[in-house]
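Here's a quick tour of a protein model, made for someone just starting out. Have a look at the sequence and the fold, then read on.

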Amino acid sequence: MPQVAPLLEPAIERADGRWDLYSVIGHLMLGQMHLWISVNNGVIEAAACTRIIDYPKMRVLSLPFLGGKVLQNWLHFQAQLEAWGRAHGCKEIEG
């Protein structure tokens with residue numbers, strides 16, 4: 001987590017006090033969130049956290065935290081997130 005925390009912290013700070021780094025780590029450790037990373041030449045360029053939310057009428061893959069550098073190098077991972085969400089019964093991605 002020390003390598004991805006600096007990438008995620010700006011997004012977590014924008015949560016207006018609803019989350020902090022430790023609560024995100026706790027959810028990751030409990031399997032309530034999933035951590036995705038983009039690595040280029042051995043360097044972590046981006047990190048994202050996802051979680052599945054069951055709304056009354058729909059299951060959704062939520063992308064609450066995302067951060068990194070060189071957007072064009074990891075934007076293509078959206079297709080992987082969509083496929084993973086579909087495989088888990090999600091109808092949409094929100095973030």
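Let's start with Ser-38, which counts as buried at 4% relative accessibility (buried means under 20% relative accessible area, exposed over 50%, partly exposed in between, with a 1.4 Å probe and protein chains only). Keep in mind that this is a predicted model, where local features need pLDDT of at least 70, side-chain atom pairs count only at pLDDT 80 or more, and totals for chains, interfaces and linings use all residues. Residues are numbered from 1 along each chain as its sequence is written, and side-chain values use heavy atoms, with hydrogens and water left out.

**Strand β1**

- Ser-38 sits in strand β1 (helices, H or I with at least four residues, and strands, E with at least two, are DSSP runs numbered from the N terminus).
- Leaving aside residues up to four places away in sequence, Ser-38 touches Val-43, Ile-44, Glu-45, Ala-46, Asn-73, Trp-74 and Phe-77 (contact means heavy atoms within 4.5 Å).
- Ile-37 is also found in β1, which covers residues 34-40, but Ile-37 is partly exposed, with a relative accessible area of 43%.

**Helix α2**

- Leu-21, Val-24 and Leu-28 are buried in helix α2 (residues 21-29).
- Looking down the axis of α2, you'd find its buried residues within an arc of 65°, so they line one face of the helix (the arc is that of the directions from the helix axis to the C-beta atoms).
- The cover over those buried residues includes α1 (5-13), β1, β2 (43-54) and β3 (59-68).
- Tyr-22 and Met-29 are exposed, on the face of α2 turned away from its buried side.
- At the start of α2, Asp-20 has a side-chain oxygen that comes to within 3.2 Å of the backbone nitrogen of Tyr-22.
- After α2 comes Gly-31, with a positive phi near 80°.

**Charges**

- Side chains of opposite charge can pair when their charged atoms come close.
- There is 1 salt bridge in the structure (a side-chain nitrogen of Lys or Arg within 4 Å of a carboxyl oxygen of Asp or Glu).
- Arg-59 and Asp-54 form a salt bridge, and their closest N and O atoms are 2.6 Å apart.
- Arg-59 is partly exposed at 31% relative accessible area, while Asp-54 is exposed at 51%.

Definitions and conventions:
A polar contact is a pair of N or O atoms within 3.5 Å; within protein, one must be able to donate a hydrogen and the other to accept it, and residues adjacent in sequence count only if both atoms are side-chain atoms.
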